[in-house]
Structure formats: structure tokens, C-alpha cells
Amino acid sequence: QVQLVESGGGLVQAGGSLRLSCAASGRTDRRYVMGWFRQAPGKEREFVAAITWSGASTRYADSVKGRFTISRDNAKNTGYLQMTSLKPEDTAVYYCAARTALGTSTAGSEYSHWGQGTHVTVSS
């Protein structure tokens, strides 16, 4: 099993930037895919981005493409989500997730391990 802990959330003005981190521990020997999801109040959880073990393949939701960058440092067992040009619509609880399978799936049900979430609030 893998344990995930997100950090880096906070309050930022529109147009600003934040970098979220996802520290993995436990059984990190498996080459897991890491994904980021978010959930705004009153809305369904939505896919944000995903990255394979090597980083060779990444995937982004249309709503964040060009603004967010997903990356990972396997030596540190940490994944990152660099968010730039933030908009009020980006306000949500952000979760990192992992799946011990191939493919950058956009479906939350495909991810077996989840962090507790970190809040991101973007003010106008």
C-alpha cells in the first residue's frame, strides 16, 4: 500500500501561482501512476492531471491545460502540481492519487490510493 500526503495549498490571488506537493510513503517500490483531482463545493470530483512513473506520459484536463504542470521526483517519492495563472474557478480541494497500473487514467475509480486533500482558494 501507498500513503499520500498533499501540501502546498493556500490562498492566492487570481493570476498567481502555487505548487502542490504529494509525498508518498509505504510501498513505493511499485511504479505507480500519480494523478491529481479536485473537488469544488457543490461539484463533482474532477480529473486534473496524471503522470506515469517515468514522466514520459502526462495528461491534463482541458480546463487546466497550458496553466498547470504535473511532475514527479521519484528519488524523493514526491509528485508535484505546478499551478500558474490561477483562476477563481480553480478553487477546490485538491487530492493526489496513485494507481499501481499502467496508463494515465482520468477516472478516479481507477486510483486505489488517495491523499487527504489540500485546500486551494483563488480570490478575484
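Buried means under 20% relative accessible area, exposed over 50%, and partly exposed in between (1.4 Å probe, protein chains only). Helices (H or I, at least four residues) and strands (E, at least two) are DSSP runs numbered from the N terminus. This is a predicted model: local features need pLDDT of at least 70 and side-chain atom pairs count only at pLDDT 80 or more, while totals for chains, interfaces and linings use all residues. Residues are numbered from 1 along each chain as its sequence is written, and side-chain values use heavy atoms, with hydrogens and water left out.

**View 1**
Asparagine 77 is not a glycine, yet its phi is positive, about 50°. Asparagine 77 sits in the loop between β7 (68–73) and β8 (78–83). It counts as partly exposed, at 23% relative accessibility. Serine 85, also not a glycine, has a positive phi of about 50°. Its place is the loop between β8 and β9 (92–99). Serine 85 is partly exposed at 39% relative accessibility.

**View 2. Cysteine 22 and cysteine 96 form a disulfide.**
A disulfide is a pair of cysteine sulfur atoms within 2.5 Å. A search of the whole structure finds one. The sulfur atoms of cysteine 22 and cysteine 96 are 2.1 Å apart. The link is right-handed, with 65° about the S-S bond. Cysteine 22 belongs to strand β3 and cysteine 96 to strand β9, 74 residues apart. Both cysteines are buried.

**View 3. The largest nonpolar core has 33 residues.**
A nonpolar core is a set of buried Ala, Val, Leu, Ile, Met, Phe, Trp, Tyr and Cys residues joined through side-chain atoms within 4.5 Å. Leu4, Trp36, Val48, Phe68, Leu81, Met83 and Tyr94 have the most contacts inside the largest one. The elements giving two or more residues to this core are β1 (2–7), β3, β4, β5, β7, β8, β9 and β11 (118–123).

**View 4. Tyrosine 32 pairs with tryptophan 53.**
Rings of Phe, Tyr and Trp (its six-membered ring) pair if their centres lie within 6.5 Å; planes under 30 degrees apart count as stacked, over 60 as edge-to-face and the rest as tilted. By this rule there are five aromatic pairs. The ring centres of tyrosine 32 and tryptophan 53 are 5.8 Å apart and the planes stand at 75°, so this pair is edge-to-face. Tyrosine 32 is in the loop between β3 (18–26) and β4 (33–39), and tryptophan 53 in the loop between β5 (46–51) and β6 (58–60); they are 21 residues apart. Tyrosine 32 is buried, at 1% relative accessible area. A charge sits over a ring if NZ of Lys or CZ of Arg is within 6 Å of the ring centre and within 35 degrees of the ring normal. The charged end of arginine 72 sits over the tyrosine 32 ring, 4.7 Å from its centre.

**View 5. Phenylalanine 37 and tryptophan 114 form a tilted pair.**
Their rings lie 5.0 Å centre to centre, with 50° between the planes. Phenylalanine 37 is in strand β4 and tryptophan 114 in strand β10 (residues 113–114), so the pair ties together parts 77 residues apart in sequence. Phenylalanine 37 is buried at 2% relative accessibility. Tryptophan 114 is partly exposed at 27%. Ring pairs join Phe37, Phe47, Tyr111 and Trp114 into a cluster. The charged end of arginine 45 sits over the phenylalanine 37 ring, 5.8 Å from its centre.

**View 6. Aspartate 90 forms salt bridges with arginine 38 and arginine 67.**
A salt bridge is a side-chain nitrogen of Lys or Arg within 4 Å of a carboxyl oxygen of Asp or Glu. The structure holds four. For aspartate 90 and arginine 38, the closest N and O atoms are 2.9 Å apart. Aspartate 90 is in the loop between β8 and β9, arginine 38 in strand β4, 52 residues apart. Aspartate 90 and arginine 67 meet at 2.7 Å, N to O. Arginine 67 lies in the loop between β6 and β7, so this bridge ties together parts 23 residues apart in sequence. Aspartate 90 and arginine 38 are buried, and arginine 67 is buried too. Shared partners join Arg38, Glu46, Arg67 and Asp90 into one salt-bridge network.
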